[in-house]
Each structure stands twice: as C-alpha cells, then as structure tokens.
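Please find below my note on this model, arranged as numbered points.

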Amino acid sequence: MAARILITADAVGGVWQYATDLACALAPLGFAPTVAVLGPEPNAAQRAPVEAAGIPILETGLPLDWLCDGPVPVREAGEALAKLVREQGFDLVHCNMPTLAASGAFGVPVVAVAHGCLATWWDAANGTKLPPDYRWQRTLTEQGFRAASRVVAPTAAFAAVIQRTYGLADLPLAVHNGRRPLCVGEGAPTDCVFTAGRLWDQVKQTRLLDRVATRLPVPFHAAGALVGPHGEQVPADHLQPLGLLSEAELAEWLVQRPIFVSAARFEPFGLAVLEAAAAGCPLVLADLPTFRELWDGAAVFVAPQDEGGFVAAIEAVRADPARRLALGEAAQARAGRYTPAAVARDMAALYRDLLDPAATLTRSAAA
C-alpha cells in the first residue's frame, strides 16, 4: 500500500510550485501525496495541473505564519494540522512551513523544509537580530526544526546558515529544488536584460539594478511585484517593470534569451534563476555561496554590491555573441540537474528511511 504523504503548501509564492511539482513526481514512485493548502486558496490555473495528475488538494483554511501577528494562531494551525493527520491516517508530513511542526503532536515522521526564514532574511537584509515583535517567529521556527524528524534545505550553503542560526546539532540535509522547464520555444536572442522575482524585497537589490539600468544602452526588464504584502515598495525609475507574469507570459520573455541578472544578497535557492537557465538564458549573478553551489562554471559572478561590476559583466556578455551563446548553453545544461524528478528521488529516499528505520540500520550496517 502506498505511503500517504501530506505536503503543506501555500498558493502565494514559489512554495506552491515546489510542493505541487514534488507531489506530481512522487506519485510514480509509489507514494500517495496530498497537498494541504494554508492561506489563500489556489486559483484555477494553479489547481489544474495538480488535479490533472490526480493529486488531492486539501484546503485547510489555516493561516500562513508570515501573515500572523503572533504565535497563537500558528500554534493552533500546527495542532489542527496534526489532528487532521491523525484522523485521516497520513503516514508522514512534509512541512514547507516549519513552524507548523513546533507542536510536535503529529505522531508520524515530520520533514521540515527550510525554504527561507525571517531570522536569516533579517540578518541578510539588516545585519541585526530580529526586533522583539518578530522573535516569536524565530522561536517557533527553531521549535519546529527541533521537533522535526529531519530538516531539509534547498542548498548546502543555506543548510549551513540554518544550522548556525538555530544551533542545530545536525546539519540539515541539502536537497536542491527542482522546476519543470517552462514551455519555451525556439527564438533568436534579443539584445536586452531581464530579472524576475520579488522586486519589493530589499535583499533582491532592485534599487541597485535600477541604477545599473541607467548605465546600459539596452532595455532592462523586470518581472515581479514592486509592492510587497506588508506595503513595502521599491521604485523602478529606469528598469522597465512588467508586473507579475503568468507562466505563459514569462515563457514569451525567456524565449528571447535575454541576459538574466540577479543581484540578490540573500537567496536560499533562486527559482527565477533556474527558470531562466532552463530556457537557455546567459546568467549574471551575485557572488553568493548558494549561487556558486548551483551555477559555478555556468554563470558570470559579480560581488553583490558592485554596481559597476554588474554593468561591466552585462556589457561584456552583450559584446561577445559566442560567449553569450556558450553561457546560455551551459546554464541550460546545468538546469537539467534541478528537476522535480530529482527532488522526488531524494525526498523519496528520505521518506523511506523515516518510514522504515530498520531498513536504514540494515543499510548502514552493510556499508
């Protein structure tokens, strides 16, 4: 009988893509996944591919931790989810919001996946500790990590940050994220520059990219929201903002193989980079440990605060068509490593170990 896996997700950010891609890729491996939605309901376009794959979607009505003002509703959400798991007989829980695991009341193995957290983001954004009003989030996240059977991070670099920040005895397991490539056709490269993501997020350094745009002779397009969920805003006086794009609209931009730029100074993985790389876009990236881990040898790296360095790197790629083509091909080849099937393979191995510890001990003894 297939093990029943409950995978938490939200329909607001990249976790939806991660969770649903994983669920679809797990089914052929002998698991019976269900996607449990917290926060706003997914729209029809988000639901369609999941339902077409026969994956149940469970709308819980429970809140997202980052939209709560205090710990009580988050604790209550974790307890409600644990009750649901017990009542419906799930065998394992995959929490993409680790605070849910803080209650420790699930009674089955729990995998907590750290896609990011407020404490590490705040440190990268401000270089200081969390203000008192937000420390409950750090506390619940740490409790969730300690209560989980296993903690997973999307890169080894971020796993080290998580271990250091929360003082965990064990290094989280690094399982690189994956993404189904967009339906990008064939097209001639267009002489332009492109970025995508949460533009309002200060760690993405949209202000720096805006200054870079003033120094380029070609358009620099930016896809994503300029206003955050808590009212954060960033001006884009020289970038050419495109707003939020659908998957089809994003594919139309990426088919032009623009030079893709990310100046982020904090990035646990970087799904937008993977989407661009899979489409064959040459990459110019901030020199972060996570980007080095994923794209070393397949991208041009620039110190995150080096505005002139980004201008020079972009111009050097523009000026050399053969290098531009080679960079795009290298990025596309590297992106082939980061697929939902690869994520599912690694997560399935982890699930099996947690569901059958005796088998793990047998393999360890034989090694």
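1. A nonpolar core is taken here as a set of buried Ala, Val, Leu, Ile, Met, Phe, Trp, Tyr and Cys residues joined through side-chain atoms within 4.5 Å, where buried means under 20% relative accessible area, exposed over 50% and partly exposed in between, with a 1.4 Å probe and protein chains only. The model is predicted, so that local features need pLDDT of at least 70 and side-chain atom pairs count only at pLDDT 80 or more, while totals for chains, interfaces and linings use all residues. Residues are numbered from 1 along each chain as its sequence is written, and side-chain values use heavy atoms, with hydrogens and water left out.

2. The largest nonpolar core has 49 residues, and those with the most contacts inside it are Phe 220, Val 261, Leu 283, Val 284, Trp 295 and Phe 310. Helix H11 (residues 307–318) gives the most to this core, contributing five residues; helices (H or I, at least four residues) and strands (E, at least two) are DSSP runs numbered from the N terminus. A second core of 37 residues is separate and includes Leu 6, Leu 81, Phe 145 and Val 203. In soluble globular proteins, nonpolar side chains tend to be buried together.

3. Which residues does Trp 295 contact, leaving aside its neighbours within four places in sequence? With contact meaning heavy atoms within 4.5 Å, the partners of Trp 295 are Val 273, Leu 274, Ala 277, Leu 283, Leu 285, Phe 301, Ala 331, Arg 334, Ala 335 and Tyr 338.

4. Helix H9 (residues 271–278) and helix H12 (residues 321–335) have axes that come within 7 Å and cross at roughly 115 degrees, the axes being lines fitted to C-alpha atoms over the stretch in contact and the angles running from 0 to 180 degrees between N-to-C directions. Leu 274, Ala 277 and Ala 278 in H9 meet Ala 331, Gln 332 and Ala 335 in H12.

5. In helix H4 (residues 118–126), the buried residues are Ala 119, Thr 120, Trp 121, Trp 122 and Ala 125, and they pack against helix H5 (135–147) and helix H6 (156–166). After H4 comes Gly 127, whose phi is positive, near 70 degrees.

6. The structure holds zero disulfides, a disulfide being a pair of cysteine sulfur atoms within 2.5 Å.

7. Is Leu 100 buried or exposed? Leu 100, placed in the loop between strand E4 (92–95) and strand E5 (110–113), counts as buried because its relative accessibility is 0%. Not counting residues up to four places away in sequence, Leu 100 touches Thr 8, Leu 38, Val 74, Ala 77, Gly 78, Leu 81, Cys 95 and Phe 106. The C-alpha atoms of Leu 100 and Leu 140, 40 residues apart along the chain, are separated by 8.1 Å.

8. Thr 20 lies in helix H1 (residues 14–26) and counts as buried at 4% relative accessibility. Leaving aside neighbours within four places in sequence, Thr 20 is in contact with Val 35 and Val 50.
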